[in-house]
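Here are my notes on the model you asked me to look over. Keep the 3D view open and click along as you read.

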Amino acid sequence: MHSLQTLVSEAAALALTPNEAEADRVMTVCNACRYCEGFCAVFPAMTRRLAFDKGDLHYFANLCHNCGACLHACQYAAPHAFNINVPIALARVRKDTYAHYAWPRAFGVLYARNGLTVTLTLVGALALFLILTIAKHGALLSTPSGANFYSIFPHGLMVSMFAPLFLLACGALALGVRGFWRHISPPASAQGAGAGAGAEAARNALTLKYLDGGHGEGCNDEDDRFTHRRRAFHHFTFYGFALCFAATSVATVYHYALNWPAPYDLLSLPKLLGVTGGVAMVIGTVGLFWLRARRHPDLRDVANNGMDVGFITTLFLVASTGLLLMLAKGTPALPITLAVHLACVMAFFLLMPYSKFAHGFFRVAALLKFSIEKRTPKNGQNFGD
């Protein structure tokens, strides 16, 4: 009886969901056609397989950058009866993977279904809690001494609030990525791993190579015209976030190693990094919102709206309230602005493992597997570098 239950459990785990079944159908047609073989990494990876299991479909989904080039080139796209739409089919599976590998999984499912609602509700609740806390101590509309926000929330208190959240989020995210990697890349498939594969995967991720449409001319956003706008706005968002993280890291070194506590002058390194990063994130997120509104209807997946918009909204709120916090320095608006900004950052940490933030790590894992595969001969064939 135990063995039968185990077999039933394993069969259920291997069964394809409706989104996976549609991706399997689409990729099977693509594997027979192979017109797009010279496009992004999805198609060379596809051609190494005659059939696809669940892990393969999750792998393809996270290799896909949703550039749209294959859809605009496809002879089997609607109104053809085959109705092939690789970007949408893989986008739906990709969204499911974030919830499937999330830890705990229930949190991932909740965010995947109600991303924007969860984001705004959490930010609002945390902001209200922090504002009421400040009001209880009579500092809500007062100008802090020396315009120092540590007089509102002491440094030790802020560290005790954010450090556990950050570590918990990183741990949950690491467990999710570990589960994804183990599913798409069994141990025997990692024989080609090495510095070359890792460097190539990192380069492709950091440059967003596969947002060039497979030909270097960019994505198809609204029509058949190629553009690098999506790549540029993604770069603004990612590198803006990296600069803000660097600002926090430098400030931590200043505080603990050099005994230089905040606040810092505008021309100090933490402030320069933070302001530059915040402005870049605002430009990037606003640009991504704008592109979503203008995208071709066949590339706009309504089912993913909540997760996509919720994540972009979180990044926009973190960046914009951070910049407003700098402008509110020395004014009675500082306490409320600080409470709202801290609420946005706390919400970001809490949602980090379950939001689309995870897609960067899943995509790097998929790109690493692709780089390893290229170096692994199969049936006498090696795809090279």
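1. Let's start inside the protein. Alanine 343 has 0% relative accessibility, so it counts as buried (buried is under 20% relative accessible area, exposed over 50%, partly exposed in between, with a 1.4 Å probe and protein chains only). Before you go further, note that this is a predicted model, where local features need pLDDT of at least 70 and side-chain atom pairs count only at pLDDT 80 or more, while totals for chains, interfaces and linings use all residues. Residues are numbered from 1 along each chain as its sequence is written, and side-chain values use heavy atoms, with hydrogens and water left out.

2. Who sits around alanine 343? Leaving aside residues up to four places away in sequence, alanine 343 touches Val123, Leu126, Ala127 and Leu130 (contact means heavy atoms within 4.5 Å).

3. Alanine 343 belongs to helix α14 (helices are DSSP runs of H or I with at least four residues, strands are E runs of at least two, and both are numbered from the N terminus). How do α9 and α14 run relative to each other, parallel or perpendicular? The axes of α9 (residues 155-184) and α14 (residues 334-351) come within 8 Å and cross at roughly 25°, so the two are roughly parallel. Axes here are lines fitted to C-alpha atoms, for helices over the stretch in contact, with angles from 0 to 180 degrees between N-to-C directions; under 35 degrees is roughly parallel, over 145 roughly antiparallel, 65 to 115 roughly perpendicular and the rest oblique.

4. Now zoom in on that helix pair. From α9 come Met158, Phe162, Leu165, Phe166 and Ala169, and from α14 come Leu342, Val345, Met346, Phe349 and Leu350. By class that gives 10 nonpolar, no polar and no charged residues (Ala, Val, Leu, Ile, Met, Phe, Trp, Tyr, Cys and Pro count as nonpolar, Asp, Glu, Lys and Arg as charged, and the others, Gly among them, as polar).

5. Next, the holes. The largest cavity has a volume of about 130 Å³, and 16 residues line it, with Cys30, Cys33, Cys36, Cys74 and Ile84 nearest its centre. A cavity is a set of points on a 1 Å grid over the protein atoms alone where a 1.4 Å probe fits but cannot get out, and lining residues have an atom within 4 Å of a point. Helix α2 gives the largest share of this lining, 3 residues. The lining splits into 13 nonpolar, 2 polar and 1 charged.

6. The second largest cavity holds about 70 Å³. Its lining includes Cys40, Cys64, Cys67 and Cys70, and α3, α5 and α6 each supply at least two residues.

7. Finally, some backbone spots to check. Most residues other than glycine have a negative phi, and most peptide bonds are trans. Alanine 78 and proline 79 are joined by a cis bond with omega about 15°, and proline 79 is in the loop between α5 and α6. Another cis bond links alanine 262 to proline 263, with omega about 5°. Leucine 208 has a positive phi, near 50°, and is buried at 14% relative accessibility. Asparagine 259 also has a positive phi, near 55°, but is exposed at 62%.

Key
1 Å grid on protein atoms, 1.4 Å probe; cavity = no way out; pocket = protein on both sides within 12 Å on 5 of 7 lines; lining within 4 Å. Points joined across faces, edges and corners; volume = space filled by probe spheres on them.
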